[in-house]
Structures are given as structure tokens and as C-alpha cells.
Amino acid sequence: GAPLKQWKVMTNHVHQPHALASDGTVYLVVDTENNRVISYEKGTDRFRELQIFEQIGNRPHYITYEPSDELFYVWSSLTGEMYLFGRTPGTTELALVETRSVPALNGMHVRSFTIMGDSILFPCVELGMILQVDRYSFEIEQYYPVPDAIAGMVQIVPIEDYFYITVSSDRNYGRS
């Protein structure tokens with residue numbers, strides 16, 4: 001295959017970052033263990049830190065950029081809160097636009113989410129199910145129970161007529 005392009009280090013000043021996302025101009029990194037989000041822009045020879053957003057829930061674990069509403073969605077893995085960040089048009093400046101929550105997920109360990117049209121899927125280990133919520137109201141639309149053996153879900157990806165789920169453990173995190 002073709003060789004990989006040269007690697008560029010974005011930062012080494014974060015503690016256990018779990019995810020990053022970009023809108024093509026701005027890059028957001030979840031600094032998971034420090035409960036913050038940091039934005040960057042890519043320069044010619046390095047990334048430049050732009051903004052730091054402190055106190056973003058408890059262990060922000062996953063982030064994605066949704067082009068349809070031009071927002072970054074940042075998930076706090078233990079509080080059931082979603083932080084929505086928007087970019088000021090024509091600039092690299094971000095602002096926290098809104099915080100939404102799923103109260104049923106407060107205190108639960110939810111590592112990621114999947115935006116699927118007007119819904120968001122949340123795989124919840126402790127509940128042993130996937131919650132489907134309305135993307136705008138965050139009201140629960142549906143519960144999908146899963147067997148305990150695969151409840152340690154990490155991510156869900158819809159492909160064609162199937163949902164593929166990555167699993168790292170059972171419902172007890174591999175502890176008997």
C-alpha cells in the first residue's frame with residue numbers, strides 16, 4: 001500500500017484523550033481525565049492551540065462533528081450530558097451553544113454515541129441496553145436491551161441494514 005503521510009503531533013498536554021473531531025478547519029480534542037475540551041487549528045508545520053473549555057462534565061469521552069447543524073457534539077461519559085459547540089462563521093472561535101441531558105444516563109458509564117438522522121443512540125453498559133433519544137429534545141424514544149455478555153458496548157455503527165457494535169467486556173466489565 002501507499003506509505004502514510006508524515007505524522008504531526010497535535011498535543012501532548014492532555015490526560016487520556018479518547019476522541020477528536022474536526023469540521024475541516026477547527027479540531028476539538030476531549031481531554032478526558034481533565035474534564036475539558038481543547039480546540040486547535042492546523043498550521044503549516046504544527047497544530048496551534050486555540051481555546052480551552054474547562055469543566056465539561058465528568059470524563060468527556062466522545063466527540064463528533066455534525067455537518068447538518070454545524071455543531072460539535074461532546075459527550076460527558078458519566079453525567080448524561082451532551083455539550084454542543086458551534087463555531088462563529090468565518091473564524092476559528094468556538095462557543096458552548098447548549099448543554100442537553102438524558103437524566104436516565106446520569107451516573108451511568110456511556111462511552112460514545114451515534115447520531116442517526118433525528119435520533120442519537122447511546123450504548124449503556126450498566127443498563128445493559130441501547131437508548132435511542134430524540135436528537136433535539138433528548139427525550140427517550142426507545143430502549144433496546146442487549147445480553148449481559150455484550151453489554152460492555154463501546155460504539156455502534158449502522159451499516160446498510162445492520163448495527164455493528166464494538167464490545168470490550170460484559171456487563172460487569174469482565175469482573176465476575
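Reply: First, the ground rules. This is a predicted model, where local features need pLDDT of at least 70, side-chain atom pairs count only at pLDDT 80 or more, and totals for chains, interfaces and linings use all residues. Residues are numbered from 1 along each chain as its sequence is written, and side-chain values use heavy atoms, with hydrogens and water left out.

Start with strand S3, residues 36-42. Strands here are DSSP runs of E, at least two residues long, numbered from the N terminus. Five of the seven residues of S3 are buried, so this strand is largely enclosed by the rest of the structure. Buried means under 20% relative accessible area, exposed means over 50%, and partly exposed lies in between (1.4 Å probe, protein chains only).

Now the neighbours of S3. Strands pair if DSSP finds at least two bridges between them. S2 pairs with S3 in the antiparallel sense, over six bridges. Within this pairing, Val30 has Val37 in S3 as its bridge partner. S2 and S3 make a hairpin with four residues between the strands. Asn35 in that hairpin takes a positive phi near 55°.

Move on to S4. S3 and S4 are antiparallel too, with six bridges. Glu41 stands opposite Arg48 in S4. This hairpin also has four residues between its strands.

Next, the rings. The structure holds eight aromatic pairs. Rings of Phe, Tyr and Trp (its six-membered ring) pair if their centres lie within 6.5 Å; planes under 30 degrees apart count as stacked, over 60 as edge-to-face, and the rest as tilted. Tyr27 lies in S2 (residues 26-31) and Phe47 in S4 (residues 47-53), so the pair ties together parts that are 20 residues apart in sequence. Tyr27 is buried, with a relative accessible area of 17%. Phe47 is buried as well, at 11%.

Another pair is Tyr65 with Phe72. Their ring centres are 4.9 Å apart and their planes meet at 55°, so this pair is tilted. Phe72 is buried, with a relative accessible area of 1%. There is also an aromatic cluster, formed by Tyr62, Trp75, Phe113, Phe122 and Phe138.

S11 (residues 129-134) and S12 (residues 140-145) run antiparallel and are joined by five bridges. Gln132 has Gln142 in S12 as its bridge partner.

Elsewhere, four strands form an open antiparallel sheet in the order S5-S6-S7-S8. Its edge strands are S5 (60-66) and S8 (94-101), each pairing on one side only. S7 (residues 81-87) and S8 pair over seven bridges. Met82 has Arg100 in S8 as its bridge partner.

Finally, the surface. Val157, Ile159, Tyr162 and Tyr164 make a nonpolar patch of about 410 Å². S13 (152-159) and S14 (162-169) each supply at least two of its residues. Tyr164 is found in S14, and at 46% relative accessibility it counts as partly exposed. Patches are made of residues with over 30% relative accessible area and no salt bridge; like charges are joined within 9 Å, nonpolar side chains (Val, Leu, Ile, Met, Phe, Trp, Tyr) within 5 Å. A salt bridge is a side-chain nitrogen of Lys or Arg within 4 Å of a carboxyl oxygen of Asp or Glu. Accessible areas come from the Shrake-Rupley method with a 1.4 Å probe; for residues, only the protein chains shown count as cover.
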